[in-house]
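Please open the structure in a viewer and keep the selection tool at hand.

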Amino acid sequence: MHLSPRIFKAYDIRGTVPGSLTPELAHLLGRAFGALVREQGGSSVVVGRDGRLSSPALSLALKHGLRAARLQVIDIGLSTTPQLYFATHTLCPHGIQVTGSHNPKDDNGFKMVLHRQAMHGDAVQDLRARMEAILHRGAAATATEPGTLSDARSADWPASTVPADLQAAYLDRIAGDIRLDRPMKIVLDCGNGVAGASAPAVLRAIGCEVITLFGEVDGNFPHHHPDPSRPENLHDLISALQHSDAELGIALDGDGDRVALVTRDGRTIHTDRQLMLLAPDVLTRHPGGAIVFDAKCSQALAPAIEAAGGVPVMYCTGHSLIKAKMRELQSPLGGEISGHLFFGDRWFGFDDGTYAAARLLELLSRSPDANAVLRGLPDSFNTPELHMACEEGEAHALVEQIRATLLLSAELHQGPGARLDASASLNTVDGVRIDWPDGFGLLRASNTTPVLVMRCEGHTPQALERIQSLLMGWVRA
């Protein structure tokens, strides 16, 4: 078996089934991850899977590999990635979710959690090295006394440590935390992702009337792709809002860790504006707290956080990286523009689209007109995430070339390529972000797919056009 280096990403393992991702690879991952857990004193691991067509076979092979490493496997079955995270806080601290997230339907992957922390960066590469070492040793490395397999209802576990039903425990935990000031009617688009099996019930439990779109879990994704960060995937939700008396629209992604919020008139409230809404409330309980956000967020976010008494911290894109930074700073709240929201306040710190939706609805229920509240948030003219396909590694090299050129330009660079005027400031925390008084532009290489990502914002349409044209000029040069 050949291990393609390309499937070992910055935050997880992702590939195409059956090309670079096979049951044999899943079994090998189970053995390597299981050995790592045992080295660190663990004896059990939680396994969940999303609704993709390839997930049952990959999950089965993964569980066999973990058992070969002499671990007890707690199978929570069909579940969102946040429910897997929840299980690592309530069942045992280690887990693996089989999920392709929002990638194309023939893709799949694995998100690994060790000691309740999502593995990323060097830890993923270390896992790859362990898998390669097992391959070199051959079949003799298989354990002679495999571990056991149980589900979350197993009587083999003390009732005090394992909820009788993980789904019920998850619903009860959220419903016990959220208090709506008034009932709300919403449209919920699950995109045929795995969140359709749980999110409607959770939102009804907190007091919402829910019109569910595409709640059937179907790995063919027959209606639209389950990626709410792309405007084209929100058309059905916007149409449903126009033809109902629902107050708001909510969309979740394929594995349930991201959320999109849409107003009655079809405007998407991106995560940076959601953070402007959430931060003042969270900071009443955590005065002076650090609010962490990625480099694609609006210029208006940092002043809003400061005005609410918090400390704005711009950081790298990536759910694992944001969570790690939040742990470092003991941050009560974080987010990234793609739809991830992270609550250290009243929650466990991980990203969960269903819980984030519940927290947003809780705040909005305090007003008789939620749409008026959302319209009142600071706004700008901006692009969605614009993706330019590249060869593997090409995007990183391009961004580094532009960054190096800008850093070497102590004054106005007159030649072809990158140039800055005196009013601009350069931020390289994640790719290249340039802020002007009237907007910003960002170029970064995706850590999950071979694309160059661009996002621009302007205070006026003219500023947005100028900034976008300038960045595209750099790329072409």
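**Charges over rings**

Begin by selecting Arg-433 and Phe-440: the charged end of Arg-433 sits over the ring of Phe-440, 3.7 Å from its centre. The model shown is a predicted one. Next, select Trp-436 together with Arg-466, which lies over the face of Trp-436 at 5.9 Å from the ring centre.

**Pairs of rings**

The tour now turns to aromatic pairs, of which the structure holds 9. Select Tyr-85 and Phe-350, whose ring centres are 5.4 Å apart; their planes stand at 55°, so the pair is tilted. Tyr-85 belongs to helix H3 (residues 81-90), while Phe-350 lies in the loop between strand E16 (340-343) and helix H11 (353-364), so this pair ties together parts that are 265 residues apart in sequence. Both Tyr-85 and Phe-350 are buried.

Then select Phe-86 and Phe-348. Their ring centres are 5.8 Å apart and their planes are at 75°, so the pair is edge-to-face. Phe-86 lies in helix H3 and Phe-348 in the loop between E16 and H11, so the parts tied together here are 262 residues apart in sequence.

**The cluster**

Finally, which residues form one aromatic cluster? Select Tyr-85, Phe-86, Tyr-170, Phe-343, Trp-347, Phe-348, Phe-350 and Tyr-355 together to display it.

Note on methods: Residues are numbered from 1 along each chain as its sequence is written. This is a predicted model: local features need pLDDT of at least 70, side-chain atom pairs count only at pLDDT 80 or more; totals for chains, interfaces and linings use all residues. Side-chain values use heavy atoms; hydrogens and water are left out. Rings of Phe, Tyr and Trp (its six-membered ring) pair if their centres lie within 6.5 Å; planes under 30 degrees apart count as stacked, over 60 as edge-to-face and the rest as tilted. Helices (H or I, at least four residues) and strands (E, at least two) are DSSP runs, numbered from the N terminus. Buried means under 20% relative accessible area, exposed over 50%, partly exposed in between (1.4 Å probe, protein chains only). A charge sits over a ring if NZ of Lys or CZ of Arg is within 6 Å of the ring centre and within 35 degrees of the ring normal.
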